[in-house]
Amino acid sequence: MGAEKSSHLQKTHAHRGNQLVGVKSRQTDVIVVMCDHDDTSMGSERVEMRKKQMQVHREAAASVLQASHSMGNTPANASNACCFCWCCCCSCSCLTVRSEDEAIQRSTFEHRPEGTANCEESPKPTLDDARSWTVSFEKVMKSAAGRSCFRQFLRTEFSEENMMFWLACEELKKETNKTVVEEKVRQIYEDFISILSPKEVSLDSRVRDVINRNMLEPTSHTFDDAQQQIYTLMQRDSYPRFINSSAYTDLMQSLEEPPPEP
């Protein structure tokens, strides 16, 4: 009789154990389904782009750190750097790497008199200069006053980042120091290419793929294709509106007015 009772208790415990396992299994299934749903809601394309960008970040960081090490100025804990602080979510030790490059970044990005000037603060264009802007977009971009006035117009259309990106690429092309070039490339990517940036410019997937490949070995021409695409976008989209805007009309009227009599 005792043996039968013991056998009955063992079967009862085994049955309850199977019930608990089943509950946990169902809970796990629910969690997996929820995770799959969240990933789908983000959009597979955007998730894939984020993964690709992070891979580029790591590879570019490795090349920069290797170059710094060969110059004998690699920080002691730089070997632990994983992403060279390409985005605000990074909290790793690579912050020390960026802190050592702050001097370069300040010298190359803080002093931009033309980049921050608006149409009123820039040198006033001559009447002939302003009239030439209607001939072609190239005339606008070759004139310091034209670029400044056009940028002021883009600001009213919330697309100033296009001109900022174009100007940054022009500065990059003039640089010959390899260390400064790599820092400028990283900064431009972070400011205008990363999908996490509020100043991200609009580029198609082909150009983004070219940039991601170029980031493995940064040069002063890393963003040439992207710069050309943004130039074409401004030329076709914003430039005609600028020429027909009240801002341009008011400027022409102010230049055509005769000077006040003494």
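**Close-up 1. Glu161, a buried residue without a salt bridge.** In this predicted model, Glu161 lies in helix H9, residues 160–174. Glu161 is buried (under 20% relative accessible area, 1.4 Å probe, protein chains only). Yet Glu161 has no salt bridge (a side-chain nitrogen of Lys or Arg within 4 Å of a carboxyl oxygen of Asp or Glu). The nearest side chain of opposite charge, Lys199, is 8.8 Å away. Beyond its neighbours within four places in sequence, Glu161 is in contact with Phe192, Lys199, Glu200 and Val201 (heavy atoms within 4.5 Å).

**Close-up 2. The contact of H8 with H9.** H8 and H9 pack at an angle of about 145°. Their axes are 7 Å apart (lines fitted to C-alpha atoms over the stretch in contact; angles run from 0 to 180 degrees between N-to-C directions). From H8 come Arg147, Phe150, Arg151, Leu154 and Arg155. They meet Glu160, Met163, Met164, Trp166 and Leu167 in H9. The residues of this contact divide into six nonpolar, no polar and four charged.

**Close-up 3. The buried residues of helix H13.** H13 spans residues 246–256, and its buried residues are Tyr248, Leu251, Met252 and Leu255. They are on the same side of H13 because they cover an arc of only 95° around the axis (directions from the helix axis to the C-beta atoms). An α-helix has 3.6 residues a turn, so residues three or four places apart point the same way. The buried residues of H13 pack against helices H6 (127–132), H8 (144–156) and H12 (224–243).

**Notes.** Residues are numbered from 1 along each chain as its sequence is written, and side-chain values use heavy atoms, leaving out hydrogens and water. Local features need pLDDT of at least 70, side-chain atom pairs count only at pLDDT 80 or more, and totals for chains, interfaces and linings use all residues. Helices are DSSP runs (H or I, at least four residues), numbered from the N terminus.

Technical notes. Helix = DSSP H or I, 4+ residues; strand = E, 2+ residues; numbered from the N terminus. Buried < 20%, exposed > 50% of the residue type's maximum accessible area, 1.4 Å probe, protein only. Lys, Arg positive; Asp, Glu negative; His and termini not counted. Nonpolar A, V, L, I, M, F, W, Y, C, P; charged D, E, K, R; others polar.
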